[in-house]
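Here is a short report on side-chain contacts. Keep the structure open as you read.

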Amino acid sequence: MALSRGLRCCQRAFAWLPVLIITLVVLWSYYAYVCELCLVTLSNPVEKVAYLIIFHILFVLFVWTYWKSIFTLPVQPGKKYHMSYADKERYENEERPEVQRQILAEMARKLPVYTRTGNGGIRFCDRCQLIKPDRCHHCSVCAICVLKMDHHCPWVNNCIGFSNYKFFLLFLAYSLLYCLYIAATVFKYFIKYWTGELTNGRSKFHVLFLLFVAIMFFVSLMFLFGYHCWLVSRNRSTLEAFSAPVFQNGPDKNGFNLGFVKNLQQVFGEEKKLWLLPIASSQGDGHFFPMRALCEAQNPLLANEEQWEDDGIDEEPHGKEGVIVLEFELHCPLSPILLAGT
């Protein structure tokens, strides 16, 4: 028991190693840029002040979003998704799988749950003893079920899900800007040190290495940020990109895709003034998400919209009495029953 507890403690401590590495690299980049470049290398006072002001704005936003990504706890499903004591006892005492599935189905009827397992059953977590809300998954590292789980990120030592996905996206964006700004402003002095025009030995090492590190991180972050921008535009998580969510009618990779604007608003909210700040503004509470199938049920024309976009068809049917213009509204007003379950 003591050995097992000790191993768990070592595992938890080791999980912070990637965060420690990033923190040390960022602290060194701050020293190298502020002290060795701006205070030692730069001679123009106006250039010094301008460089330092812009750098510190990006630095604060970068650190703020990184902090929020690390320390914003993942949100777990609410109590109504957990098994009651009576249901749990009935479920565990039942040995027939078909009856167990029936018990889960009875519980799910009271909940706004629409996704299913691969064989069409109710998504149930044996470890947390709860019915999983749509887009919820169990994280084996955190040992909890996480609402709208995207992935577990070792670089923030946290699960990225509904509660902090916006912060994670902003962290990637400001990391890119931070690296790009450093590379762009350091490059001129990199050339001067490289050609021997400047000769300060200690500052030369920091400035040369600073450019290499900034470019290296920029390239790697660019691909990751681009991938997550694509996911947001399609309203998918990383897990859903690899395995399409299954609905009652089967798998549908675009099951939650409501159109670019609505997809963006689900993550960043409707108040645009909060989009660029690591302040919680995502829509909903993470338990229920509008689905394309429900929108199509209210407006069947939406069912063919994606196909028309893929085929590049722009139809404007003409009647005998004039032109009929088809307008598509990508959001779907939810019924009172669905809203009651959110």
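## Salt bridges

A search of the whole structure finds seven salt bridges. A salt bridge here is a side-chain nitrogen of Lys or Arg within 4 Å of a carboxyl oxygen of Asp or Glu. This is a predicted model: local features need pLDDT of at least 70, side-chain atom pairs count only at pLDDT 80 or more, and totals for chains, interfaces and linings use all residues. Residues are numbered from 1 along each chain as its sequence is written, and side-chain values use heavy atoms, with hydrogens and water left out.

Glu 36 sits in helix α2 (residues 17-41) and Arg 202 in helix α7 (residues 201-234), so the pair ties together parts 166 residues apart in sequence. Helices (H or I, at least four residues) and strands (E, at least two) are DSSP runs, numbered from the N terminus. Glu 36 is buried, at 1% relative accessibility. Arg 202 is exposed, at 54%. Buried means under 20% relative accessible area, exposed over 50%, and partly exposed in between (1.4 Å probe, protein chains only).

Glu 271 and Lys 273 also meet in a salt bridge, at 3.8 Å from N to O. Glu 271 is partly exposed, at 43%; Lys 273 is exposed, at 67%. Asp 87, Arg 90 and Glu 106 are linked in a salt-bridge network.

## Arg 135 and its partners

Arg 135 forms a salt bridge with Glu 240, 2.9 Å from N to O. Arg 135 lies in the loop between β2 (130-131) and β3 (137-139), and Glu 240 in helix α8 (residues 238-242), so the pair joins parts 105 residues apart in sequence. Arg 135 is buried, at 2%. Glu 240 is buried too, at 5%.

Arg 135 also lies over the face of Phe 256, 4.3 Å from the ring centre. It lies over the face of Phe 289 as well, at 5.0 Å. A charge sits over a ring if NZ of Lys or CZ of Arg is within 6 Å of the ring centre and within 35 degrees of the ring normal.

## Aromatic pairs

Rings of Phe, Tyr and Trp (its six-membered ring) pair if their centres lie within 6.5 Å; planes under 30 degrees apart count as stacked, over 60 as edge-to-face and the rest as tilted. The count comes to 26 aromatic pairs. Phe 59 and Tyr 178 form a tilted pair, 6.1 Å centre to centre, with 45° between the planes. Both residues are buried.
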